[in-house]
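Let's walk through this fold one piece at a time. Have the sequence and the 3D view open side by side.

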Amino acid sequence: MNPFKILVVEDDRSVSNLITTTLKLNQYSYLRASGGQEAVSICASAKPDLILLDLGLPDMDGISVIETIRSWSQVPIIVISARSEETDKISALDSGADDYLTKPFSVDELMARIRVSQRRIQYQPASEETVFINGELSIDFASAEVKVRDNVVHLTPIEYKLLCLLARNTGKVLTHTYIISNIWGTGIDNDIVSLRVYMTSLRKKLNTENDLIRTHIGIGYQMIRI
């Protein structure tokens, strides 16, 4: 049995059974909760490695569950919800969720998202680590040197800050608002245009065989682990 422990928070029994059966077939340990308060309690006591969270819970909105857990834990949270509007996704991600999967979903995609979370935990750099490596990309945080295939890439200060922010959050979807507030300290709509321009330039300069930066249209960006 995989020691990676997953908390499934879902009040619809049929969906909960589908998820837990899939986890069991893939040798994952799991816990179940059907409400928000129960989920918070289990998270505090059992300390799962990942949470799969429905937003439409009977006793507590999923956004409140995310905010409560984020006040004391950085456990990865993947939202699984029937709410498909961009505003719902952005709200969940801005509140601290790491990823968002819309119902109905395929079990193959669910397992792929879980594997991404596992890799993110596995490869998360320790605080004293100064070099980040992802495929052909390497970032030496101490010298602020970026290389692709051992060739130095010259970035502007903003491009470098963007790259470091994405690298330190590999696997996590970062919303436009989150990125803008961390890079420019503001959340003005016009800054989204600037962000897109800088991101386009950054991608061209990196020119890696695999595009490390994934665009989530209308939401934000994500660095994927190669």
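In the hairpin of β7 and β8, four residues sit between the strands, and A144 takes a positive phi near 60°. Strands here are DSSP E runs of at least two residues, helices are H or I runs of at least four, and both are numbered from the N terminus. β7 pairs with β8 (residues 145-148) in the antiparallel sense, over four bridges; two strands pair if DSSP finds at least two bridges between them. If you look for L137, its bridge partner in β8 is V148.

This is a predicted model, where local features need pLDDT of at least 70, side-chain atom pairs count only at pLDDT 80 or more, and totals for chains, interfaces and linings use all residues. Residues are numbered from 1 along each chain as its sequence is written, and side-chain values use heavy atoms, with hydrogens and water left out.

Now go to β6 (residues 131-134), which runs antiparallel to β7 (residues 137-140) and is joined to it by four bridges. F132 is partnered with I139 of β7. This hairpin has two residues between its strands, and G135 in the turn shows a positive phi of about 60°.

Next comes L163, in helix α6 (residues 157-167). L163 counts as buried because its relative accessibility is 0%; buried means under 20%, exposed over 50%, and partly exposed in between (1.4 Å probe, protein chains only). Leaving aside residues up to four places away in sequence, L163 touches L137, I139, V146, L155, L202, L206 and M223, where contact means heavy atoms within 4.5 Å.
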